[in-house]
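Please open the structure in your viewer and keep the sequence panel beside it. The stops below say what to select and what is to be found there.

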Amino acid sequence: MVNKATKPTDTLIGHDAWNIQLDKNGQLKHFLTTEGLGSNILTQILDTAESFAGVNEKSVKKVPLLRGKTIVNLFFEASTRTRTTFELAAKRLSADVLNINISTSSTSKGETLLDTLQNIQAMHCDMFVVRHSDSGAAHYIANNVAPNISVINAGDGSHAHPTQAMLDMFTIRRNKGPNFGNLRVAIVGDILHSRVARSQIHALNTLNTGDVRVIAPKTLLPVDIEDMGVNVFHDLEAGIKDADVVIMLRLQKERMQGALLPSEQEYFQLYGLTEERLRVAKSDAIVMHPGPINRGVEIASDVADGPRSVILDQVSNGIAVRMAVMTMTLGRDASASEDHGNSK
Amino acid sequence: MSNIIIQNGQLIDPANKIDQIADILVSDGKITAIEKANSIKVDGNTQIIDATGLTIAPGLIDCCARLREPGLEHKATINSETIAATKAGITTLCCPPDTDPVIDEPAVVEFINRKTAISGHSKIVTLGALTAGLRGEHLSEMFALKQAGCVGLSNCRQPIENTQILKRALAYAATYDIRVFIEPDDHWLSADGCAHDGKIATRLGLKSIPVSAETTAIARALQLVAETGAKVHFGRLSSAQSVEMIARAKNEQLPITVDVSAHQLHLTEQDISSFNSACHVIPPLRTQRDQEALQAGVVNGTIDVICSDHQPHDIDAKQAPFASTEAGISALETFLPLCLRLTQQTSLSLSDVLSKITQAPASILNLDTGTLSIGKTADICIFDAEEDWQLTSDTIHSHSKNTPFLGWNLQGKVKHTLVDGKLIYSQ
C-alpha cells in the first residue's frame, strides 16, 4: 500500500501552462512566454520576421495574409509603443483591428476579467493581444477563451513580454549573426520587476547564448535568478566587460519609494551606461533598450543616440516580429507562415 | 434519550493509548461503556452501528476553519460548513475572529453559537479578537470574550505593528490564562506577495513572501512570550526555519504550541508553477525542503496539531490571474484523508496522526472532547481507513469547491459521525 493518495497523472485541461502554447501538431497557437518553446519555434519566428522585414521597407507595406481576420488589442495597462506596433503589424497583414483599452477601474466596477473576455469573444474575433498588470494574466485568458482564439501576450505583470524578447533576439541576430553560442549578453537594471528581462533570459538560453549576465544591486534582483541560467553581477563594468550586447532596462520612478534604491543620481552613478563605461565592452558591442528610455537615469544621451545604439531598430523590428507571430498563430491551417518563411 | 452502540470497530483513542477492537455504548450524549467486542448487552431501544472493519476515533477537531458567517455568506454559511464538517468526521471547528463583524464582542459569539445550534451539526468554538476590530491598536475586552465562551484570542493575520501593544496584549491575556493564537507574519515583509520567495515566483514574476516574514514575527513573539509568560499557539507554519525556531523555544520550556495546515504537508511551490490559483494560499507553499521539515516536525512532535485551514471561496474569487485571486483552500473534505496520507509517507501510526487532530487540539482549545474516555462527551468519528475515493466537485459538501486536490485519489472515508451522542451523519 504505497502512496495511495495520489495526484492524477493526467493534469486537468489547460493546467499545463507551458504546453498550451502549442497545438496538437506542435505549432504555435498562443504566444504567452518564451519559456518552454524549442529553438525550432523561436528560430521560425525569427525567420518569418526576416521575410516581413522586407515588406516593411517597401512603399506598399501590406500583404493579404490575414485578410478577414479580426484582432483585438486588449490593453488593461497603458502602452503606446507596444500597442501601436501590434496595430501596425495587424494592419500590414490586412487584418481588422480593434483597440480596447480597459482601465483597471472599470473591471473593479463589477465586471470580472472573465465577463470582459466573454463579451468581446461574442463579437467573433480571432486573436486577443493582451497586456495586463497581473503576472499570469495571459495564461489565464488563454485558458479561458474559446478554442478558436489565439492569445498573444503583450506583457503580463513581471512575468513575460515574449514579443519584445523576440524582437530583441531578431535585433541581435541581425547584428551578430545566427550563432548565439559565442555571444556574451549583459542585461542591466531592474531585473526584479522586468517581464522583458525574464522573457529575454529564456529566449537567449533556448538559443544557446554563450554567457547571459544580469547586473543590478541586490534589491533589484529576484531570489534564485541564477536558476534561470544567468550569471549575476553587481558591478556594471565587471558585468559588461567584453560583452557583445548590452541591454539596459528602464528604471521606474516608483522604485525609489519602496526603498529599493536611494536616488536616481546614485543609480546613474553606479549603473548608468556612459560612453566611458561602454569602453570595457567589445568594440563592436551593440546597446539595446526596450524603451521608453530615461535619459540620465539608466543611460546617458550620448550612448542612447550614439553609433552603437540599436534602440530605434528595435522598434522597427518589433513590427516584423509581431507580424511573424500573428501569421504563425492565425495562419496555421492555411500553412501561410511556412510558405512565407521560405520565400525570403 | 435512546442509546447507541457502536460494535466491533477498531477503536483508536490516542489520549488513552487504546488501539483495539471494541464496542462503545453511548447514552444521554456521553460515552458510558467501552468493552470487548460483542460483550455489551443490547436492549430494544438501542440503535446499533455495525463498525466491523471500520475505525472508531474521537470526533476530529479542526483548530482553524473559516466559516464565512457572519459577513461573507455568499462564500459559505455556518449551516453549509457544519454539515460538510460532519460528513468529514469533524465534530468541532475553531473559528478565527476575522469575520465581519469581527468577533471582538460577546454579541458576535452569541450570534455564531445561535446559528450553530439552529443548524444542529458540528460544534463551533470561537477565538476572540486580540485587539479591538483586529486593528492592532487597543486591547479587546478579553475577559468578556472569555466569559462569552471564546477559547482563545487572535489577531489573525492583521498586523500589530507596535510591539508594545503586542507585549501588553500578551501580558493581559496571560493574567486571565487566555491562550493567544498567532499567525506569524511581518506584513511589511509579506506586503502584497502571493508566492514563496524562491525560484518559482522569480520565474513567474509573482510578488513574493520571504521566509523571514514568518520567522521575524515568530522571533518577536517568542521574546515576548519569555517576558510575559503568555501561552501562545502559533498557527499555520510554512517553513523549515520556523520549525527549527519552535523546536529550540520548546526546549527552553516556553509555553508554546504550534499547528500546520494539512495542505502544507502535501504541496510545494512547484504546484503553482502553471499559475494554478487553487494553490494560492497564505502563507505560501514553499520548497520541498520546507515541506519535508514540516512533516518531520509533525513526526517528532515539534508540531502539535494539524488543522484544515479551511477557507471556502465563491467561484469568482479564484477566477482571475493568480495574484488577483483570493488565497485559501476549501479543506474540510480532504482533512482526514490528507492526514491519513502521513501514515504512508512518514513513520507516524494511525493513532499518532489521529492524536494531532483530536487529543492535541482539544487540549489546546480546552475542550472536553478529543478522547473516547467513559464519561466524556460522545463526539465520535467512524471511518473506513482503507476506502479509496476520488475527490470531485460532487463529493465536496462544502458550499465552495476551491481545492487543488480535485481529481486526487484519496484514502479514508467517513461513514458515521456522532455529535453530542447523536448520530448526525451516516453515509
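Predicted model: local features only at pLDDT ≥ 70, side-chain atom pairs only at ≥ 80, totals over all residues.

Now move to chain B and select B:R236, which lies in the loop between β13 (232-234) and α8 (240-251) of that chain. Here too phi is positive in a residue other than glycine, with a value near 65 degrees. Is B:R236 buried or exposed? It is buried, because 22 other C-beta atoms lie within 10 Å, and a count of 20 or more is what the term requires.

Return to chain A for its open sheet, and colour the five strands in the order β7-β6-β5-β8-β9, which are paired in parallel. At the edges are β7 (231-233) and β9 (286-288) of chain A, each of which pairs on one side only. From one strand to the next, the twist averages 20 degrees. To look at one pairing in detail, select residues 184-188 for β5 and 211-215 for β6 of chain A, two parallel strands that are joined by five bridges. Within this pairing, A:A186 has A:R213 of β6(A) as its bridge partner.

Leaving aside residues up to four places away in sequence, A:V246 touches A:A186, A:V188, A:I240, A:L273, A:A281, A:A285 and A:V287. A:V246 is also, together with A:V188 and B:L153, among the residues with the most contacts inside the largest nonpolar core, which has 229 residues. Helix α12 of chain A, at residues 311-330, gives the most to this core, with 10 residues. From chain A, the core draws at least three residues from each of domain 1 (19-161 + 317-342) and domain 2 (162-310). A second, separate core has five residues, including B:I396, B:F405, B:W408 and B:L410. As background, nonpolar side chains in soluble globular proteins tend to be buried together.

Show both chains now, and turn to the contact between them. How many residues does each chain bring to the contact? Chain A brings 33 residues and chain B brings 27. On the side of chain A that touches chain B, α4 (113-121), α5 (137-144) and α7 each supply at least two residues, and α5(A) gives the most, with three. The residues on this side of chain A comprise 14 nonpolar, 11 polar and eight charged ones.

The last stops are two cis peptide bonds. In chain A, select A:G291 and A:P292, which are joined by a cis peptide bond with omega near -10 degrees; A:P292 has its place in the loop between β9 and α11 (301-304) of chain A. In chain B, select B:I282 and B:P283, where the joining bond is cis with omega about -5 degrees; B:P283 is in the loop between β14 (256-261) and α9 (288-300) of chain B.

Terms used:
Residues numbered from 1 in each chain as written. Chains lettered and ligands numbered in written order. Pairing = 2+ DSSP bridges. Helix = DSSP H or I, 4+ residues; strand = E, 2+ residues; numbered from the N terminus. Axes fitted to C-alpha atoms, helices over the stretch in contact; angles between N-to-C directions. Contact = placed C-beta atoms within 7 Å. Nonpolar A, V, L, I, M, F, W, Y, C, P; charged D, E, K, R; others polar. Core = buried A, V, L, I, M, F, W, Y, C linked by C-beta atoms within 7 Å. Buried ≥ 20, exposed ≤ 12 C-beta atoms within 10 Å, placed from the backbone. Domains from an automatic or database assignment.
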